[in-house]
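Please read the points below alongside the sequence and the 3D view.

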Amino acid sequence: MDRPIGVTILTALAVVLAFINAIAMLRFLGFLPSLGVLDIRIFNFWYALLYGLLAYIWAWVAYMLWQVDRQAWFFLAVITIFNLCLSFVVLVTGGSWYDINFTVIVSALILIYVMLPGTREAFGID
């Protein structure tokens, strides 16, 4: 199957987000310190579970994108919005912008790129 360069870039970004969510999971399990001014280790099992699930989902989406699966487009849009909502919840519940800034920026870029007409045509969506 012929894979457009944009889909390859989306796959690479999905792998990056899987890696970022895996690091966030390790941070909320207490293995890595927070990225703020204070060097504090946080343990929150619920956040660790959600970020671990997101890391697995991003790896799965990257696999589907690599195969240019038609349903990967829809799932990528949905999981990107979910990732942005989860980052917003972390920000509202006491997290700092330094903890989530890269995730928010990459997720917003992915969402914008997925909605472009050329990307939709690559997946066969009208």
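**Notes on the helix packing**

1. Leaving aside residues up to four places away in sequence, Thr 103 touches Leu 17, Ile 20, Asn 83 and Ser 87, where contact means heavy atoms within 4.5 Å. Thr 103 is found in helix H4; helices are DSSP runs of H or I with at least four residues, strands are runs of E with at least two, and both are numbered from the N terminus. Thr 103 counts as buried because its relative accessibility is 7% (buried means under 20% relative accessible area, exposed over 50% and partly exposed in between, with a 1.4 Å probe and protein chains only).

2. A word on the basis of these notes. This is a predicted model, in which local features need pLDDT of at least 70 and side-chain atom pairs count only at pLDDT 80 or more, while totals for chains, interfaces and linings use all residues. Residues are numbered from 1 along each chain as its sequence is written, and side-chain values use heavy atoms, with hydrogens and water left out.

3. How do H1 and H4 cross? The axes of H1 and helix H4 (residues 97–114) come within 11 Å, at a crossing angle of roughly 155°. Axes here are lines fitted to C-alpha atoms, for helices over the stretch in contact, and angles run from 0 to 180 degrees between N-to-C directions. H1 is therefore roughly antiparallel to H4 (angles over 145 degrees count as roughly antiparallel, under 35 as roughly parallel, 65 to 115 as roughly perpendicular and the rest as oblique). The crossing of H1 past H4 is left-handed, a term for a near helix turned anticlockwise from the far one by less than a right angle, with right-handed used if clockwise.

4. On the H1 side, the contact with H4 includes Gly 6, Leu 10, Leu 17, Ile 20 and Arg 27. On the H4 side, Asp 99, Phe 102, Thr 103 and Tyr 113 are among the residues that take part. Sorted by class, the contact of H1 with H4 has ten nonpolar, three polar and two charged residues. In this sorting, Ala, Val, Leu, Ile, Met, Phe, Trp, Tyr, Cys and Pro count as nonpolar, Asp, Glu, Lys and Arg as charged, and the others, Gly among them, as polar.

5. Gly 6 has its place in helix H1. Gly 6 counts as buried, at 5% relative accessibility. The C-alpha atom of Gly 6 is separated by 8.8 Å from that of Ala 122, which is 116 residues apart from Gly 6 along the chain.

6. H1 also packs against H2. The axes of H1 and H2 come within 8 Å and cross at roughly 165°, so these two helices are roughly antiparallel to each other. H1 passes H2 in a left-handed crossing. The contact of H1 with H2 holds 20 nonpolar, four polar and no charged residues.

7. The next pair is H2 (residues 45–66) and H3 (residues 70–92), whose axes come within 10 Å and cross at roughly 155°. That makes H2 roughly antiparallel to H3, and the crossing is left-handed. Among the residues that meet are Tyr 47, Leu 54, Trp 60 and Met 64 in H2, and Gln 71, Phe 75, Asn 83 and Val 90 in H3. The residues of the contact of H2 with H3 divide into 18 nonpolar, three polar and no charged.

8. Which residue in the loop between H2 and H3 deserves a look? Val 68 lies in that loop. The phi of Val 68 is near 50°, a positive value in a residue other than glycine. Most residues other than glycine have a negative phi. Val 68 is buried, with a relative accessible area of 11%.

9. The structure holds three aromatic pairs (rings of Phe, Tyr and Trp, the last by its six-membered ring, pair if their centres lie within 6.5 Å; planes under 30 degrees apart count as stacked, over 60 as edge-to-face and the rest as tilted). Phe 28 and Tyr 51 form a stacked pair, 5.7 Å centre to centre with 10° between the planes. This pair links distant parts of the chain, with Phe 28 in helix H1 (residues 5–28) and Tyr 51 in helix H2, 23 residues apart. Phe 28 is buried at 4% relative accessibility, and Tyr 51 is buried at 4%. Phe 28, Tyr 47 and Tyr 51 form one aromatic cluster.
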